[in-house]
Amino acid sequence: MKTRGITRRQLLVATGAATLLSQVPMGLALGRSKAKAPAFIEDLIDRMTLQEKAGQLTLFGAAMQNGAAAAANPITSTGAVSAQIAAAKAGQLTGVFNSSNVLYHERLQKAAMQGRLKIPMLFAADVIHGFTTVFPVPLGESASFEPDLARRTARAAALEASAVGIDWTFAPMVDIARDARWGRGVEGSGEDVLLGKRMADARVRGFQGDRGLADPEAVVACPKHFCAYGAAEGGLDYNTTDVSERVLRQTYFPPFQSGFDAGAMTTMASFNEISGIPATANKWLLDDVLRGEWDFRGVVVSDYTGDEELIAHGFARDGRDATRLAILAGVDMSMQSGLYFKHLPELVESGDVPMAVIDASVRRVLQLKAQLGLFDDPFRRIKPHAPSRQRLPETLALAREAASKSVVLLKNDGDVLPLRTSGQRIALIGPLAQDWDSTKGPWTLFNGDDSASDLATGMKQAMADAAQLTVTAGCGYAGPLPGGVQAAAQAANAADVVVMAIGESRDDSGEARSRTSITVPRVQQALLEAVAATGKPVVVVLSNGRALALGDLVPQAKAVLVAWYLGSSSGLGLADVLFGKTGPSGRLPVSFPRESGQAPYYYDHKITGRPDPHPEKLTAFKTRYMTSPNSALFPFGHGLTYGQVEYGALDIGDARLAADGALTIRATVHNRGSRAAEEVVQLYIHDRVASITRPKQELKDFKKVALEPGASADVTFSLRREDLLFIGQDLKPTVEAGVFDLWVAPSAEVDGLHATFELLA
């Protein structure tokens with residue numbers, strides 16, 4: 001990619017023509033910047049009316065949206081096109097979101113430039129896992145354990161989105177999610193803090209690029225939802241969370257801190273309450289922690305009508321009270337409710353909200369627009385006649401790469417996989433065999449036609465003779481089809497091997513998609529049982545947006561692949577893995593429990609005072625269920641390859657870590673198989689004795705290594721004192737001298753290579 005020159009232009013402010021060339025530096029510092037706002041921003045604030053200030057803090061859904069974008073949010077009025085254009089001209093609207101129409105963006109921006117103060121509009125969108133090219137859902141992509149892949153897909157999404165005028169994405173979601181019943185886990189990186197931190201960093205850097213926010217191909221990122229949205233009780237979306245401050249600081253804060261360290265200049269307040277106080281009105285969270293402790297200088301936006309929902313929470317009396325609580329807590333911008341524009345002027349005039357609070361929020365919004373280069377050139381991302389950057393060949397190739405790298409192989413008895421491209425009759429059965437729409441996953445608002453990348457098409461393209469593939473639906477996602485089971489059994493009997501494409505439709509995951517049972521729907525399970533009864537080897541390809549309880553499914557299949565929702569190149573990427581063009585290299589970013597009733601289940605749970613000594617045998621009065629041990633069916637980090645990977649020698653030197661030193665860990669892995677493999681080598685530790693009880697295991701590093709057949713590789717990790725920190729009794733990071741267990745392993749619940757070391761005082 002060539003670096004493009006950036007042209008500065010003169011900006012007319014009101015009636016005075018003043019060049020701002022020296023006052024709007026293109027490289028305004030990102031993240032926790034202490035730089036003062038440019039002088040022209042202070043001049044604007046001084047000259048704005050209260051209504052104009054309230055307008056800069058008001059964001060609405062675009063009046064011109066496509067059907068998918070309009071359906072993605074609750075039904076509320078966004079106003080007519082003419083009304084939004086008039087509001088832009090009058091300075092009553094800071095921006096709009098979820099329009100992909102560059103001509104509408106141009107009309108709004110031209111209207112804003114005709115206004116009294118000529119403050120540019122800001123254009124945002126839910127670019128969650130791609131724009132017109134759809135990449136795997138974030139949870140699936142996190143299974144790659146490749147942060148750089150996440151950076152590259154976010155960069156590609158930013159190139160497509162910025163090309164139609166979008167400045168700001170409401171992504172990445174960095175909520176740690178440990179309850180598979182919660183539908184929005186599909187938008188994040190799973191259950192682990194370290195993986196969550198690395199993916200947050202990568203996605204922010206991908207969206208924003210490395211040439212500053214003023215670059216026309218940059219979109220500002222918005223780590224969300226601040227905070228602990230993923231801890232909703234019972235996995236029920238929008239529900240109460242009640243977590244300790246220690247858990248917030250240990251588990252839920254770190255991915256946000258990672259995103260802000262990477263330069264994110266916005267964040268979104270979450271819907272949920274924390275210990276009785278909704279996040280949208282939580283001054284401790286937004287002011288004391290975010291802006292006080294962390295020195296975050298960016299913009300906080302409410303979630304969709306989040307400020308108005310303070311009334312339903314029972315925390316605010318009415319819209320006026322909700323506005324007062326939200327702005328005083330630190331929410332700069334109101335999304336969709338219109339409450340700020342309606343109530344802020346009167347709240348200031350009555351003395352209930354100080355003008356200084358309003359000015360501080362307006363200053364942050366205007367400074368964000370300056371950082372995005374919008375004062376310098378309001379049309380820098382609005383180029384209706386520029387060559388299209390949508391769905392370029394290299395972007396679709398990246399989608400195919402990401403799809404194949406996101407697939408996780410759970411089981412492969414008898415090496416039934418990979419399939420042969422010739423000389424093998426294959427029956428493809430299941431509701432997902434030809435449903436390209438579901439394999440895109442949720443939050444795909446702007447995508448193009450990917451009907452040529454359903455699984456059946458991908459498999460046919462990979463096979464030497466497409467006539468060797470038969471395709472049968474068998475059943476729907478939740479209901480039977482007339483004669484479906486019989487047709488499926490007949491197809492299986494005529495085949496050498498069966499591929500069952502089953503799982504969740506895309507409507508089963510995402511916002512407001514909480515489930516009480518995290519299993520494959522019963523009608524699909526019955527179809528699988530009927531096909532397995534034919535005696536033909538069965539390969540299950542799961543489509544899913546969460547961890548699933550697969551105890552009833554796994555015995556019916558020789559091989560099981562977790563395919564998530566893989567996006568625009570789903571069928572092609574899956575076929576690459578099924579036929580061995582690309583070996584499976586994904587690992588589970590979430591633990592797959594044995595039964596639904598184990599949820600929430602996560603690997604780094606506490607040991608308790610009565611740990612279960614015999615996971616495979618019921619032991620009375622121990623930490624286990626009556627029907628299942630307290631362990632996963634498929635643990636976090638699990639995933640097989642087409643090779644045969646063995647873990648060899650482990651060397652940690654003299655096994656002592658000085659307070660100011662480093663412990664070097666060296667492990668050797670071998671590929672004893674006849675096929676190449678990629679192994680995700682994982683480093684875990686356990687602090688045996690501490691003043692705050694520590695989890696059973698904690699992931700501290702991981703590395704992905706490529707191994708040719710018969711090859712070996714030495715993998716080196718380094719641990720320092722700061723890697724062992726935890727939140728102590730005083731709620732500050734600490735670590736204590738003592739003995740630690742250490743594992744280098746292929747997953748969280750496999751012993752692998754085990755050693756101990758001592759942290760010295």
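Modeller: Start with the lining of the largest cavity, which has 19 residues. Find Ala177, Arg178, Asp179, Ala180 and Val590; these lie nearest the cavity's centre. Keep in mind that the model is predicted. Eleven of its residues are nonpolar, four are polar and four are charged. The volume of this largest cavity is about 160 Å³. How many cavities of 30 Å³ or more are there by this rule? The count is six.

Now turn to a pair of helices. H13 covers residues 319–329, and H14 covers residues 339–349. Their axes lie 9 Å apart. The packing angle is about 80 degrees. H13 is therefore roughly perpendicular to H14, since angles of 65 to 115 degrees count as such. Look at who meets whom. From H13 come Gly319, Arg320, Ala322, Thr323, Arg324, Ala326 and Ile327. On the H14 side they meet Leu339, Tyr340, His343, Leu344, Glu346 and Leu347. By class, this contact has seven nonpolar, three polar and three charged residues.

Next, the backbone. Most peptide bonds are trans, and most residues other than glycine have a negative phi.

Two are cis peptide bonds. One joins Phe226 and Cys227, with omega about 5 degrees. Cys227 sits in the loop that runs between strand E7 (224–226) and helix H9 (245–252). The other cis bond goes from Ala599 to Pro600, and its omega is near 0 degrees. To find Pro600, go to the loop between helix H20 (570–578) and strand E19 (645–651).

The other two are positive phi values. Trp443 is not a glycine, yet its phi is near 55 degrees. Its place is the loop between strand E14 (426–429) and helix H17 (455–462). Is Trp443 buried or exposed? Its relative accessibility is 11%, and buried means under 20%, so Trp443 counts as buried. Ala655 is also not a glycine, and its phi is positive, at about 60 degrees. Ala655 belongs to the loop between E19 and strand E20 (656–657).

Then view H13 against H14, at about 80 degrees.

Conventions: Residues numbered from 1 in each chain as written. Predicted model: local features only at pLDDT ≥ 70, side-chain atom pairs only at ≥ 80, totals over all residues. Heavy atoms only, no water. 1 Å grid on protein atoms, 1.4 Å probe; cavity = no way out; pocket = protein on both sides within 12 Å on 5 of 7 lines; lining within 4 Å. Points joined across faces, edges and corners; volume = space filled by probe spheres on them. Nonpolar A, V, L, I, M, F, W, Y, C, P; charged D, E, K, R; others polar. Axes fitted to C-alpha atoms, helices over the stretch in contact; angles between N-to-C directions. Helix = DSSP H or I, 4+ residues; strand = E, 2+ residues; numbered from the N terminus. Parallel < 35°, antiparallel > 145°, perpendicular 65-115°, else oblique. Contact = heavy atoms within 4.5 Å. Buried < 20%, exposed > 50% of the residue type's maximum accessible area, 1.4 Å probe, protein only.
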